[in-house]
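Please keep the sequence and the structure in view while reading.

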Amino acid sequence: MAKDEFKILAPCGMLGYGFPKSSFMNGMACGPDAIVVDAGSTDAGPHKLGAGTAIVSKQACKKDLEIIITEGVKAGIPIIIGSAGGSGAEIHVEWTRSIVLEILEEHGIRGIKVATIWADIPREVVSAKQEAGKCEPLGLTVAPLTPERLAATDRIVAQMGHEPIVAALEEAADIIICGRAYDPSPFAAVAMHHGYDTALAYHLGKILECAALSAEPGTTKDCMLGTLKADSFIVQPLNESRKCTAVSVAAHTFYEKDHPYILHGPGLVLNLEHCVFTELGDGSVEVRGSQIAETPVYKIKLEGAMKVAYRTFVVAGVRDPLLIAKIEEVEELVKQQVREYYSEVSPDDYKIHFINYGLDGVLGELEPQRKPAHELGIVFEVVAKTQELANAVCSSVRSTFLHYGYEGRKATAGNLAFPFAPSDVPFGAVYEFSVYHLMEVLDGFEMFRTDYEEV
């Protein structure tokens with residue numbers, strides 16, 4: 001039976017983003033029952049998943065984890081990390097696990113049970129599910145998952161729900177390192193393990209996974225405390241310079257959703273239509289009315305990335321009003337000249353792009369106010385089959401653009417100003433989401449394996 005209230009401390013919106021120690025200790029003084037932190041996202045695209053690299057540095061991750069682990073262990077409360085390493089694949093989870101073990105060793109912490117929940121999905125499983133008609137693309141823009149694209153996919157993960165995390169808590173795990181997880185799930189799991197309402201637990205998790213982003217002023221780099229009760233929950237900033245309002249918390253309900261109040265997750269649908277947000281007068285907000293329903297078929301979201309090309313780019317500035325007035329025309333002429341120079345190379349082997357900041361660099365063709373500033377920042381990139389080809393073509397684009405003799409030009413010293421030397425930056429591999437699908441499974445446990453170790 002659930003106790004009167006259950007408190008979850010969320011240190012930051014992304015493990016490694018950092019948080020004030022004073023805020024964290026304010027949270028610890030409130031006597032939290034668990035510390036939960038999200039560590040992952042697809043916001044930055046597929047590169048981190050495909051390349052197997054973390055979103056944050058080891059130094060940043062360890063800095064955050066050190067205080068989380070030492071204080072959490074001292075308080076005797078569970079610590080849960082969601083979507084470890086950013087993308088939650090095996091390589092990311094192992095990276096996080098090594099940092100956790102390093103901290104435990106350095107601080108001489110013993111008697112700790114660590115659970116690691118893996119979220120990696122074998123290609124053959126996806127293939128079999130697809131053949132059985134149990135794997136569908138998540139949206140119309142997802143390319144068909146052909147056998148060739150599946151074979152070229154470096155790694156595939158699935159977003160776990162609360163079930164395997166609850167199971168790890170039932171095994172008395174002190175630290176739980178989750179592979180890719182549905183962002184609210186680690187928060188919901190620890191509350192549900194203690195008997196709290198599923199809808200309230202998931203709604204609170206949706207808010208806490210971004211920490212203080214639902215406060216004013218909002219940020220992911222500060223702490224938040226969530227307190228669950230029998231029929232409501234309270235969100236409370238832990239920094240005196242912030243407060244929650246009914247509007248700020250309600251507005252966060254719209255965050256990263258394609259519907260105002262319907263939120264889909266693994267095997268469930270959260271309905272927030274009838275929620276009531278009440279300011280308590282101390283900078284905290286109480287929320288009631290969250291509802292949830294199980295889906296007829298349990299589906300998990302798959303994410304997989306494949307390497308598609310290599311990139312080289314240049315950052316440059318233009319201040320000549322004559323060039324600014326005809327910048328897109330000149331860019332097309334530069335492209336034509338480079339293509340003619342590399343006539344022996346198939347145009348399918350590379351692409352040249354220009355991003356004109358100060359004109360339409362953010363919205364592109366959708367920009368309603370195409371009024372160039374007195375100067376433009378231009379990023380031009382070449383994406384090609386190999387890094388060598390990308391380097392070569394980008395070099396030609398840069399040198400052609402630099403001295404291109406556009407009509408009306410008065411000086412021949414050069415059209416571009418470069419803030420960096422060398423100007424050409426070989427970026428490396430480019431990835432795209434080859435797998436962005438929903439896959440039917442028997443339940444929330446089918447695809448997720450848990451390992452335990454005593455430290």
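## Terms and basis

In the residue classes used here, Ala, Val, Leu, Ile, Met, Phe, Trp, Tyr, Cys and Pro count as nonpolar, Asp, Glu, Lys and Arg as charged, and the others, Gly among them, as polar. The model is predicted, with local features requiring pLDDT of at least 70 and side-chain atom pairs counting only at pLDDT 80 or more, while totals for chains, interfaces and linings use all residues. Residues are numbered from 1 along each chain as its sequence is written, and side-chain values use heavy atoms, with hydrogens and water left out.

Helices (H or I, at least four residues) and strands (E, at least two) are DSSP runs, numbered from the N terminus. Two strands are said to pair if DSSP finds at least two bridges between them.

Strands of a sheet pair through backbone hydrogen bonds, either parallel or antiparallel. An open sheet of ten strands shows mixed pairing, in the order E12-E13-E9-E8-E1-E2-E3-E7-E4-E19. Its edges are strand E12 (276-279) and strand E19 (449-454); each has a single partner strand, so one side of each is left without a neighbour in the sheet. From one strand to the next, the twist averages 20° (axes are lines fitted to C-alpha atoms, for helices over the stretch in contact, and angles run from 0 to 180 degrees between N-to-C directions).

Within this sheet, strand E3 (residues 79-82) and strand E7 (residues 175-178) run parallel and are joined by three bridges. Ile79 has Ile175 in E7 as its bridge partner. Helix H3 (residues 58-75) packs on the sheet and touches strand E2 (34-38), E3 and E7, where contact means heavy atoms within 4.5 Å. The direction of H3 makes about 150° with that of E3.

## The three-strand sheet

A further open sheet has three strands in the order E10-E11-E14, with antiparallel pairing. Strands E10 and E14 stand at the edges with a single partner strand each, so one side of each is left without a neighbour in the sheet. The twist averages 20° from one strand to the next.

E10 and E11 are paired over four bridges. Across this pairing, Leu263 stands opposite Leu270 in E11.

On a 1 Å grid over the protein atoms alone, a cavity is a set of points where a 1.4 Å probe fits but cannot get out, and a pocket is an open set with protein on both sides within 12 Å along at least five of seven lines; lining residues have an atom within 4 Å of a point. Grid points are joined across faces, edges and corners, and a volume is the space filled by probe spheres set on the points.

The largest pocket holds about 1100 Å³ of space. Its lining has 41 residues, with Gln159, Tyr182, Glu256, His264 and Lys301 nearest the centre. By class, these 41 residues comprise 19 nonpolar, ten polar and twelve charged. E10 gives the largest share, four residues.

The second largest pocket holds about 160 Å³ and is lined by 14 residues, of which His162, Glu163, Gly267, Leu268 and Glu294 lie nearest its centre. Strand E14 (residues 291-294) contributes the most, three residues. The lining has eight nonpolar, four polar and two charged residues.

## Salt bridges and backbone details

The whole structure has 24 salt bridges, each a side-chain nitrogen of Lys or Arg within 4 Å of a carboxyl oxygen of Asp or Glu. One of them joins Lys129 and Glu446 (3.7 Å, N to O). This pair links distant parts of the chain, 317 residues apart: Lys129 is in helix H5 (residues 123-131) and Glu446 in the loop between E18 and E19.

Most residues other than glycine have a negative phi, and most peptide bonds are trans. The bond from Glu216 to Pro217, however, is cis, with omega near -10°, and the bond joining Ala421 and Pro422 is cis with omega about 0°. Ala172, which is not a glycine, has a positive phi of about 65°; Ala172 lies in the loop between helix H7 (163-170) and E7.
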